[in-house]
Amino acid sequence: TASVLSSAIKIPSHFYIIFFIILFNFISHFLPPERPALSPDEYGELSATHSRSIHDFLTSHRPMRSLFLTLQETYINLNTTKGFIYIILSSYLFLFSIYLLMAQIFNQLLAGLITVFYILLPNKLDLYHTLIYANINVAYALYVLSFYFFIVFTKKHKLFYFLLSIFSYSIAIFWYEVGFFLPLILGAYAFLYNKPKVKFVIYFLIPAALFLLFQFTVMEGGHNVVSISTVLYNFFIMFPNHYMGRYIIRAIVYALYRFPTIEMPWIGIITLINIALFYFSVSFVSKKVEFPSIDKRQIILAITIMFVFILPSSLYIIESRHTGLASVGFVMLLPFCFSRIRFHAKKVLIASCFVMLMVCQGTAWNQVVACRIVASVFQHIKNHKNEILSSRAVIIDQYDFSRSIPYTFGEKQMNMLDNYWGMQAFAPWGLYAMVKIATRYDKPIYIVRSKIEEVNGQLKFDKQPALKKEGIFMINYHTVYKGTFKNGRVAKY
């Protein structure tokens, strides 16, 4: 009966692939299933939205992002459970758009494999961190969907898909300009696969021109002049470091170092899931996966995606989150790389994927603990609202936190728990905003990043004039945790 029902339904292979993507993404990035705080940037945004006006939207260099964050502040605000759900959904939106795009260029199975590669790629894992990255995931999805709709247009010759492509691109560039040069990629695709459609790319110059006009005539605040040396350094030094240099090595080392510290029972659950996935993968890869033969068009397209999508970020600085779109091109190259391995290619594939799976899971654990640290500080501020309001000033001793919590193998002079094992934790503007949000405090707030010296009842720090200790509300590691730090939480015995 079951076999008859199965044959009658004929579930498409897309269903199984998408189901696996959903499951695998969650296992890789969202266990333990919590993000108990917003990021410092989000607290800063929430603090700003209370006084944001229509004029602010119209003069923002990212007006769609500004609108989105205001809606986020209205409907999600400080609700970290809603925020966690939304970051998960936004990651799926981006991943599904990648799968749809890859399925237009490769076969379904290979498209699914490339999407799995993208899930595991460790250079852009902060996209799964906190709610602030949800808007980036949505913007990235819009760029990928624009590419997808354009390809469908070239195959089906229906104007509807072309209009969808232009619409998606238009919304995306006013949201997050990192994919501004997408028309170059569309032109490359049309040239490689359907030359008569190259002429349609010129229509994408209309929203691109409107965006530039908006930037230079409407947006206030001016524009920085970027030197050629900065662009060349970012493009040829910083960008490769995210794939084969110190940035990605640091991400891998931190994640693998922290993986064994995942708390019970989650370390046990994750280990059992990984073992089950390993046995499934060995059977599936050995029977189903075949590496593609070299297709020069696909390789050219992949390289074009990588370098074109990183161009806008090269004008300023390339952080790991900026590689989200360029990494789509990178993972497109991986099946061809595995096809060049002469011996035990499938074993190398499985081993590589499971090391990267542990990297993702170790990074997810670092993200959880980083959020817990921020949440503990924010909760402490809320618990002591009345004392704060009656104080003369508030001091948040970031230096004390950084000397009490292990968080890096590197130097601590510049990174004072700004990043917890590579994941964002504190930032001065975020700490300042947390006090404002929780208390509406209108007196001085000091974020201290050096050792506080107390002399005759006077506090000296950061080359500031000495402050009388009396009437100061102090927030540091010892007042928040009282020696009971447990994986970011205040331990309760």
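View 1. C353 is buried, with a relative accessible area of 16%, where buried means under 20% relative accessible area, exposed over 50% and partly exposed in between, using a 1.4 Å probe and protein chains only. The structure is a predicted model, in which local features need pLDDT of at least 70 and side-chain atom pairs count only at pLDDT 80 or more, while totals for chains, interfaces and linings use all residues. Residues are numbered from 1 along each chain as its sequence is written, and side-chain values use heavy atoms, with hydrogens and water left out. The cysteine sulfur closest to that of C353 belongs to C360 and lies 10 Å away, too far for a bond. C337 is partly exposed, at 45% relative accessibility, and its sulfur is 13 Å from the closest cysteine sulfur, in C353, which is again too far for a bond. With a disulfide taken as a pair of cysteine sulfur atoms within 2.5 Å, the count comes to zero.

View 2. H29 belongs to helix α2, residues 13-29; helices (H or I, at least four residues) and strands (E, at least two) are DSSP runs, numbered from the N terminus. H29 is buried, at 2% relative accessibility. Leaving aside residues up to four places away in sequence, H29 touches R35, I119, L125, Y128, C360, A364 and Q367, a contact being heavy atoms within 4.5 Å. The side chain of H29 also reaches the backbone oxygen of I119 at 2.9 Å. Although H29 and H129 are 100 residues apart in sequence, their C-alpha atoms are 8.7 Å apart in space.

**View 3. Strand β4 and its partner β1.** Strand β1 (residues 393-397) and β4 run parallel and are joined by four bridges, where two strands pair if DSSP finds at least two bridges between them. Within this pairing, D397 has V448 of β4 as its bridge partner. In a regular strand the side chains alternate between the two faces of the sheet. Strand β4 (residues 445-448) is covered on both faces, with I445 and I447 buried on one side and Y446 and V448 buried on the other.

**View 4. The open sheet β5-β6-β7.** Three strands form an open sheet in the order β5-β6-β7, with antiparallel pairing. Because β5 (453-455) and β7 (467-468) stand at the edges, each with a single partner strand, one side of each is left without a neighbour in the sheet. Three bridges link β5 to strand β6 (residues 458-460) in the antiparallel sense, and E454 stands opposite L459 in β6.

Key:
Polar contact = N/O pair within 3.5 Å; in protein donor to acceptor, adjacent residues only side chain to side chain.
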